[in-house]
Amino acid sequence: MRIEKLRESLKEKNIDAALITSVENVRYYSEFTGDSSELLITNSELFLFTDFRYTEHAQRETCFDVVETKGQDRVETIFNYASRSSAVKVGADLANVKYPEYKSYLEHIDEQNFLDITADISAQRLVKDEDELSAIRKGAEYNDLLFEHLCSIIKQGMSEKEIKAEIIYFMLKSGAQVAFDPIVASGENSSLPHAVPSDRTFRPGDFITMDYGFKFDGYCSDFTRTVAICEVDKEQQKVYDIVNEAAEQALPLLSPGAECAKVDTAARDYITQHGYGQYFGHGLGHGVGMDIHEAPTLNGLSKDVLQAGMTVTIEPGIYIAGKYGVRIEDLCVITEDGFENLTAAPRELIIL
């Protein structure tokens, strides 16, 4: 079905074949779980190009004709096969192609006949089928389990790096991959939205923001919670409650046909009305799938409109430089009549 949809898209644009280059897109169309491979999809043929390390691997996993190639010969081989299939115009997911690779392709095809179909592939991947949703849902369930575990072990004197290590160990022990490098940020470090875990140890009064995601069967999940150590002051509780309520303002708007920019505005306006607008500098959310960040985009400039089957995050935050930050993130799937929140972990502030 995926390949047929791609072929229909190619036909509409008078493109003869698709060259698929990214690891995620190769897996999306072929189910091949290795790397170092490319696909060539024509009107009637399917080829997967890889080297000796993955030849048998690919033959076991895919219905594609597997062509074993060596590094320097691969580009020439790909375009030889395209030529044999009478493909003059070739589309590729060029957003994932580095410039030297792009130049090497142009040694075998005229630039006007080598077209970017990244947007077409992204549009196809926007709406998830039941198998995709099942993998994402599993990741969300394990995110909750891990959060419960972390709340049982986090204590004063532990370090950000210790908790990061625990997150990764729990994921691997659960049979998952790590969707992205986990964030563990405490105290003044929590004002950094994408802080790198350090040797800083947890102290009374710290906020600790933890952002991580399990990856099952090639599909990511995303989760963030902020907890506190021992105690918080009134201002910290106020900031936390504003972030939490900002999400509550946005979540009910998630439904087919909703404009992503308006969903962002609902949360952003609430934070601004309470005097913290300048401290919320990123978008409200993003799509999640084979990539941890993919379409649609939920920010004030987005032109995206939600559709049933999309998976998106809602993650408002307030970050006060040199003091602390709070982010709370839920992962949701858009349904035919609204949304399903895949994240079940408590949203109220937990003080450990």
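How many aromatic pairs does the structure hold? The structure holds 18 of them, a pair being two rings of Phe, Tyr or Trp (its six-membered ring) with centres within 6.5 Å, called stacked if the planes are under 30 degrees apart, edge-to-face if over 60 and tilted for the rest.

The model is predicted, so local features need pLDDT of at least 70 and side-chain atom pairs count only at pLDDT 80 or more, while totals for chains, interfaces and linings use all residues. Residues are numbered from 1 along each chain as its sequence is written, and side-chain values use heavy atoms, with hydrogens and water left out.

**Figure 1. Aromatic pairs.**
The ring centres of Phe47 and Phe49 lie 6.3 Å apart with planes at 40 degrees, so this pair is tilted. Phe47 has a relative accessibility of 7% and counts as buried; Phe49, at 0%, is buried also. Buried here means under 20% relative accessible area, exposed means over 50%, and partly exposed lies in between (1.4 Å probe, protein chains only). Tyr142 and Phe216 form a tilted pair, with 5.1 Å from centre to centre and 55 degrees between the planes. Because Tyr142 belongs to helix H7 (residues 130-153) and Phe216 to strand E10 (residues 214-216), this pair ties together parts 74 residues apart in sequence. Helices (H or I, at least four residues) and strands (E, at least two) are DSSP runs, numbered from the N terminus. Tyr142 is partly exposed at 24%, whereas Phe216 is buried at 4%. Elsewhere, Phe79, Tyr102, Tyr105 and Phe114 are linked by ring pairs into a cluster.

**Figure 2. Charged groups over aromatic rings.**
The charged end of Lys138 sits over the ring of Phe216, 4.5 Å from its centre. Arg84 lies over the face of Tyr81, at 4.6 Å from the ring centre. A charge is counted as over a ring if NZ of Lys or CZ of Arg is within 6 Å of the ring centre and within 35 degrees of the ring normal.

**Figure 3. The nonpolar cores.**
A nonpolar core is a set of buried Ala, Val, Leu, Ile, Met, Phe, Trp, Tyr and Cys residues joined through side-chain atoms within 4.5 Å. The largest such core has 34 residues, of which Leu254, Val263, Leu306, Ile314 and Ile318 touch the most other members. At least two residues of this core come from each of helix H9 (234-250), helix H10 (260-273) and strands E15 (311-314), E16 (317-320), E17 (324-327) and E18 (330-335). H9 supplies the largest share, 7 residues. A second, separate core of 33 residues includes Ile3, Ile20, Phe32 and Tyr54. In soluble globular proteins, nonpolar side chains tend to be buried together.

Not counting residues up to four places away in sequence, Val263 touches Ala250, Leu253, Leu254, Ala258, Leu284, Leu298 and Ile314, where contact means heavy atoms within 4.5 Å. H9 has 17 residues and reaches 25 Å from its first C-alpha to its last, close to the expected 24 Å; the expected span is 1.5 Å times one less than the number of residues. Among the buried residues of H9 are Gln236, Val239, Tyr240 and Ala250. Its buried residues pack against E9, strand E12 (223-228), H10, E15, E16 and E17.

**Figure 4. Helix H8 and its buried side.**
The 14 residues of H8 (residues 160-173) should span 20 Å at 1.5 Å a residue, and the end C-alpha atoms are 20 Å apart, which agrees. Its buried residues are Glu160, Ile163, Lys164, Ile167, Phe170 and Met171. They cover an arc of only 130 degrees around the axis, which puts them on the same side of H8; the arc is that of the directions from the helix axis to the C-beta atoms. The face turned away from the buried side carries the exposed residues Leu172 and Lys173. Cover for the buried residues of H8 includes H7, strand E7 (177-178), strand E8 (183-186), strand E9 (207-212) and E10. After H8 comes Gly175, with a positive phi near 85 degrees.

**Figure 5. Glu340 in strand E19.**
Glu340 is found in strand E19 (residues 338-341) and, at 31% relative accessibility, counts as partly exposed. Its contacts, leaving aside neighbours within four places in sequence, are Arg137, Leu331, Cys332, Val333 and Thr335. The C-alpha atoms of Glu340 and Thr311 are separated by 9.5 Å, with the two residues 29 apart along the chain.
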